[in-house]
Amino acid sequence: IAELKPILERSRKEFEDAFLNRQITSVPHDPDVAYRTRMFVANDRGACLIRYFGYAGDKDGLSTKLGAFVFRGRNMGMVGDLDLDTVRRVCAANDKVDCPTPEHCQALWNAVIEPIRHLVVDQGGGGQSESWPSNIVIIPSDALFNAPLHVALDPRTEMPLGAIVPLCFSV
């Protein structure tokens, strides 16, 4: 057994390096998941589902870009090239404080909410006011797991996202 210990240790390290320490850079399209997602928002007429995703991995397998799929009603949209650097900066700053600053909250809004806002909010038209969904389900990417999206601050209303619309976070 003693002679097997170095082999087992090396095997464990190879496994951890291959699967635990590297971010998944892409996964195959799953038609069943896509169908269920579309049906969720179609059946819950007021709901909106936002799925953030990282892509364009660097040499270490970390995402260098951030995008989002937005599902609302029968509509699906995608926005790529969200401001991942700002997200990482805000998350790193928030790790050092008990409460995010208003500046960080607004930077978070500008980085990941404002660019997809046109897909989330019904703009009305013909003089009608805009309409937020009845609730939003957010599926964050790895970069957004410790981002306080519920306090992302809308500069127009000075209200946090969680006060504008009920939020739910999923994985």
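The structure is a predicted model, in which local features need pLDDT of at least 70 and side-chain atom pairs count only at pLDDT 80 or more, while totals for chains, interfaces and linings use all residues. Residues are numbered from 1 along each chain as its sequence is written, and side-chain values use heavy atoms, with hydrogens and water left out.

The chain contains six helices and seven strands, taken as DSSP runs numbered from the N terminus (H or I, at least four residues, for helices; E, at least two, for strands). Read from the N terminus, the order of elements is α-α-β-β-β-α-α-α-β-β-β-α-β. Of the 171 residues, 32% count as buried, where buried means under 20% relative accessible area, exposed means over 50%, and partly exposed lies in between (1.4 Å probe, protein chains only). Among contacts (heavy atoms within 4.5 Å) between residues at least 6 apart in sequence, 58% join residues at least 24 apart.

Two strands count as paired if DSSP finds at least two bridges between them. By that rule β1 runs antiparallel to β2, joined by nine bridges, and pairs with β4 in the parallel sense over five bridges. Cysteine 48 illustrates both pairings: it stands opposite arginine 72 in β2 and opposite isoleucine 136 in β4. Further along, arginine 51 has phenylalanine 69 of β2 as its bridge partner. The hairpin formed by β1 and β2 has five residues between the strands, and glycine 61 in the turn has a positive phi of about 85°.

Glycine 54 also belongs to β1 and is partly exposed, with a relative accessible area of 23%.

On to β2, which is largely enclosed by the rest of the structure, because seven of its ten residues are buried. Strand β2 pairs with β3 as well, in the antiparallel sense and over six bridges, with valine 70 opposite glycine 77. Two residues separate β2 from β3 in their hairpin, where glycine 73 in the turn has a positive phi of about 60°.

The side chains come together in nonpolar cores, each a set of buried Ala, Val, Leu, Ile, Met, Phe, Trp, Tyr and Cys residues joined through side-chain atoms within 4.5 Å. The largest core has 30 residues, of which Ile50, Tyr52, Val112 and Val120 touch the most other members. Elements giving two or more residues to this core are β1 (47-57), β2 (63-72), β3 (75-82), α3 (84-94), α4 (102-113) and β4 (135-139). Helix α4 provides the largest share, six residues. A second, separate core of five residues includes Val41, Leu49, Val137 and Ile139.

Finally, the model holds one cavity of 30 Å³ or more. A cavity is a set of points on a 1 Å grid over the protein atoms alone where a 1.4 Å probe fits but cannot get out, and lining residues have an atom within 4 Å of a point.

Definitions and conventions: 1 Å grid on protein atoms, 1.4 Å probe; cavity = no way out; pocket = protein on both sides within 12 Å on 5 of 7 lines; lining within 4 Å. Points joined across faces, edges and corners; volume = space filled by probe spheres on them.
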